[in-house]
Amino acid sequence: MADHVRTGVSRRRWLSGGLSVGLVAAAGGAGAAEPASVEAWTGYEARLRARVGDAGGGRFDAATARQLHLLTNRARAASDAGALAWDEELAVTARAHAADLAQRRYVEHLSPEGFDPTDRLGLLARRTIGSASENITWHRGGKVDGAAELMGNWRASPPHWSNLLNPRYSHAGFGVVRIADQVYAVGLYAKLNGTLAADLPFHLADTMALLANLKGLPAGVASFWLEDQVHKTGRRGMRAPPGVYRLRIELPVDAVTRDELYGPIFVLDGPPRQPGGVGG
């Protein structure tokens, strides 16, 4: 989907008891809650990075994550949907969210702060151009053997299964966290529209530092702009003040149509500087 919308915070599920649940979020997200400050964005990015390191107090199950990928491609082959290539930036993002779910004991695409799957991908994936759709499943109590049972949860839910089989997607990544008698699994699916040649730093001194890091834009890019993540003031150019921004890229589809794509999210720490003739 081209537009990034959020799901409402009221849908969050805090966990108790023993059961299995599943949730699905379409690419681009949807909703009402908006992270309101630079501190909220930088704090959530730091939280996700920490969860990649500590698995939320549990342990990452890389074998089950890889098996979910294998089973996904078997299901897609049976539906003529095309195989999904494993993408490590998608997988890191999936692991981070699974670990956050495990640590804070909730099951939802929207974090308690109001961040959705495309936000997480923008914060953690420093090269990816694209947006992500997300499946979640959680189980507590009894024996959970692994990927087949987790995949069965998604298969039993038409929205999850439709998301998993969507022929539009080209890549996927999975994260699985086990903690005590609970298992949290997150699948991210995306059509990746390209990658930057090098990682875009999360903190940039100013807009000139941004330009220095954008020499690796994919071929054919028509233009780019900065999308303000705090004030929601629309497009920004090279005169953008300090704040949190998402790189947005226009890529021609044909002579009259352009795709507006999602790139990484970053923080501009200093006042704007621009070369002569560049406005915004």
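Two strands are said to pair if DSSP finds at least two bridges between them. In this predicted model, strand β8 and strand β9 (residues 182-190) meet that condition, pairing in the antiparallel sense over 9 bridges. Within this pairing, G175 stands opposite V186 in β9. The two strands form a hairpin with 2 residues between them, and A180, which lies in the turn, has a positive phi of about 55°.

Of its 280 residues, 51% count as buried. Among contacts between residues at least 6 apart in sequence, 73% join residues at least 24 apart.

A pair of aromatic rings is described by the distance of the centres and the angle of the planes. The structure holds 8 aromatic pairs. One of them is formed by W86 and F174, with 6.4 Å from centre to centre and 35° between the planes, and this pair is tilted. The pair links distant parts of the chain, since W86 belongs to strand β4 and F174 to strand β8, 88 residues apart. Are these two residues buried or exposed? Both W86 and F174 are buried.

A second pair can be described in the same terms. The ring centres of Y245 and F266 are 6.3 Å apart and the planes stand at 35°, so this pair is tilted. Because Y245 lies in strand β14 (residues 243-252) and F266 in strand β15 (residues 258-268), the pair ties together parts that are 21 residues apart in sequence. The cut-off for a buried residue is under 20% relative accessible area. Y245 has a relative accessibility of 1% and therefore counts as buried; F266, at 0%, therefore counts as buried as well.

Ring pairs link W86, W154, Y169, F174 and Y189 into a cluster. The charged end of R66 sits over the ring of W86, 3.8 Å from the centre of that ring. H69, a residue of helix α2 (residues 62-78), touches L84, A85, W86 and F174, when residues up to four places away in sequence are not counted. With a relative accessibility of 12%, H69 falls under the cut-off and therefore counts as buried.

Another arrangement of a charge over a ring occurs elsewhere in the chain: the charged end of R235 sits over the ring of W225, 3.8 Å from the ring centre. L226 has L247 of β14 as its bridge partner. Strand β12 is also joined by 2 bridges to strand β13 (residues 235-236), and these two strands run antiparallel. In β13, R236 stands opposite L226. The hairpin of β12 and β13 has 6 residues between the strands, and K232 in this hairpin takes a positive phi near 55°.

Finally, two helices may be considered together. How do the axes of helix α3 (residues 88-104) and helix α4 (residues 117-124) cross? The axes come within 9 Å and cross at roughly 120°, and the crossing is right-handed. From α3, the contact is made by E89, L90, V92, T93, A96 and H97; from α4, it is made by R120, L121 and L124.

Key:
Residues are numbered from 1 along each chain as its sequence is written. This is a predicted model: local features need pLDDT of at least 70, side-chain atom pairs count only at pLDDT 80 or more; totals for chains, interfaces and linings use all residues. Side-chain values use heavy atoms; hydrogens and water are left out. Helices (H or I, at least four residues) and strands (E, at least two) are DSSP runs, numbered from the N terminus. Rings of Phe, Tyr and Trp (its six-membered ring) pair if their centres lie within 6.5 Å; planes under 30 degrees apart count as stacked, over 60 as edge-to-face and the rest as tilted. Buried means under 20% relative accessible area, exposed over 50%, partly exposed in between (1.4 Å probe, protein chains only). A charge sits over a ring if NZ of Lys or CZ of Arg is within 6 Å of the ring centre and within 35 degrees of the ring normal. Axes are lines fitted to C-alpha atoms, for helices over the stretch in contact, and angles run from 0 to 180 degrees between N-to-C directions. A crossing is left-handed if the near helix is turned anticlockwise from the far one by less than a right angle, and right-handed if clockwise. Contact means heavy atoms within 4.5 Å.
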